[in-house]
Amino acid sequence: MLVYKYFATNRDQGVPVSRIEKVEVFVASPGRTFVTLRITTTDGVTGLGDATLNGRELAVASYLRDHVVPLLIGKDPSRIEDMWQYLYKGAYWRRGPVTMTAIAAVDTALWDILGKTAGLPVYKLLGGRSRDGVLVYSHASGTDVPSLLDDVQRYLELGYKAVRAQAAVPDVGGTYGVRKGKVYEPAATELPDEQPWDTEAYLDFAPRYLEAVRERFGFGFHLLHDVHHRLTPNEAARFGRSVEASRLFWMEDPTPAENQESFRLIRQHTTTPIAVGEVMNSIWDVQHLITEQLIDYVRTTVVHAGGITHLRRIFDLAALHQVRTGSHGATDLSPVSMAAAVHLDIAVPNFGIQEHMGHPDETAEVFRTGVTFADGMLYPSDEPGLGVEYDEKAAERFPYRRRYLPVARRLDGSVHDW
């Protein structure tokens with residue numbers, strides 16, 4: 001076992017400067033797999049960061065343990081911006097989900113430490129509240145239209161003011177985004193679940209069930225829908241026009257975003273708002289989409305887009321171009337990331353909405369969070385830092401389990417775009 005320990009240097013003699021003394025990486029699966037980074041300073045202050053990359057968790061854990069942790073020992077934890085630049089530029093190989101997730105974990109932990117050292121919640125370090133609470137949406141789904149409508153009603157009765165709606169396409173055999181059992185967890189199998197997909201059947205069915213939601217519940221709440229990158233730009237434009245009467249808050253990921261210019265075609269044919277960005281991990285990945293106003297909401301996250309420092313930079317760019325925030329918030333974001341997201345959401349001026357799926361009961365045995373839900377909104381903790389604690393002893397009861405997201409295959413057997 002390799003242990004990294006900080007020892008004072010001559011430069012430190014007589015200077016009471018806190019340094020990073022210990023860095024630990026934990027991998028556990030309390031309900032789902034999380035990678036958690038904990039940094040401890042010479043003053044005994046600890047900070048937590050989330051390093052979870054769904055389906056590639058061990059890659060980030062190795063990146064941290066083998067390549068990042070040795071660089072942190074002895075560093076000044078208050079130099080957050082400098083540390084971000086050091087980890088990003090110093091590796092030479094920049095960007096990418098593994099690198100940016102690892103940087104995010106360090107960055108988030110350092111913000112947690114700064115808040116605890118200052119005796120302030122992180123959102124106050126970011127400029128304080130821009131709003132009273134953080135509007136959130138959760139996921140309603142069904143195996144058919146009646147069960148979807150029942151699930152929408154359930155979320156409205158829980159107090160949500162915004163609901164995402166997904167239903168299984170009839171006779172296709174499997175639709176991503178539809179809950180199986182009591183908890184919606186897409187990463188549920190040890191190897192990828194290969195699910196069939198029929199674009200024409202989806203394009204025929206989805207507008208009808210979204211219309212059914214509006215017919216039953218009206219327009220007194222926000223209705224969202226996720227396309228999961230599965231349409232061509234022309235198909236996405238057709239879909240966007242077909243659901244305009246349902247007044248969606250957004251259609252999410254209508255087409256794969258590698259070819260960002262393709263979103264211009266969608267824009268030209270529909271007024272349905274577009275949300276994109278959960279699989280993107282830097283400001284350079286979303287720069288064109290934002291500056292050309294090809295999207296309405298940017299969905300980049302704390303954990304996958306370089307932490308609070310870099311996500312704030314993305315949100316500031318978006319604000320200049322009338323693009324709002326709508327960060328990803330699935331169960332693969334640990335309570336550490338969710339807390340960091342809420343602290344940032346409540347501070348930025350161009351906040352739009354925050355995804356909120358919650359976590360299974362096992363997760364609460366390992367993470368204690370001060371984030372609270374009431375009346376359709378999340379509220380950050382006023383404890384110093386992020387307001388999250390990690391119980392490593394409890395985590396030992398939940399060893400790592402490999403889980404993958406499903407893979408879509410067209411009816412002819414070929415792999416569909418994701």
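Here are legends for a few close-up views of this predicted model.

Residue numbers start from 1 along each chain as its sequence is written, and side-chain values rest on heavy atoms, with hydrogens and water left out. As the model is predicted, local features need pLDDT of at least 70 and side-chain atom pairs count only at pLDDT 80 or more, while totals for chains, interfaces and linings use all residues.

**View 1. Helix α1 crossing helix α3.** Here we look at α1 (residues 57-72) and α3 (residues 97-118), whose axes come within 10 Å and cross at roughly 55°. That makes the pair oblique (under 35 degrees would be roughly parallel, over 145 roughly antiparallel, 65 to 115 roughly perpendicular, and the rest is oblique). Axes are lines fitted to C-alpha atoms over the stretch in contact, with angles from 0 to 180 degrees between N-to-C directions. Helices are DSSP runs of H or I with at least four residues, strands are E runs of at least two, and both are numbered from the N terminus. The α1 side brings Ala59, Val60, Tyr63, Leu64, Val68 and Leu72 to meet Val98, Thr99, Thr101, Ala102, Ala105 and Val106 of α3 (contact means heavy atoms within 4.5 Å).

**View 2. Leu64 and its surroundings.** Not counting residues up to four places away in sequence, Leu64 touches Val25, Leu37, Ala51, Val69, Pro70, Ala102, Ala105 and Val106.

View 3. Val407 is found in strand β17 (residues 407-410). Leaving aside neighbours within four places in sequence, Val407 contacts Pro192, Asp193, Glu194, Gln195 and Val415. At 29% relative accessibility, Val407 counts as partly exposed (buried is under 20% relative accessible area, exposed over 50%, partly exposed in between, using a 1.4 Å probe and protein chains only).

**View 4. Tyr92, a loop residue with positive phi.** Tyr92 isn't a glycine, yet its phi is positive at about 70°. You'll find Tyr92 in the loop between α2 (80-90) and α3. With 62% relative accessibility, Tyr92 counts as exposed.

**View 5. His229, also with positive phi.** Phi of His229 is near 65°, a positive value in a residue other than glycine. His229 sits in the loop between β7 (222-226) and α7 (233-242). At 7% relative accessibility, His229 counts as buried.
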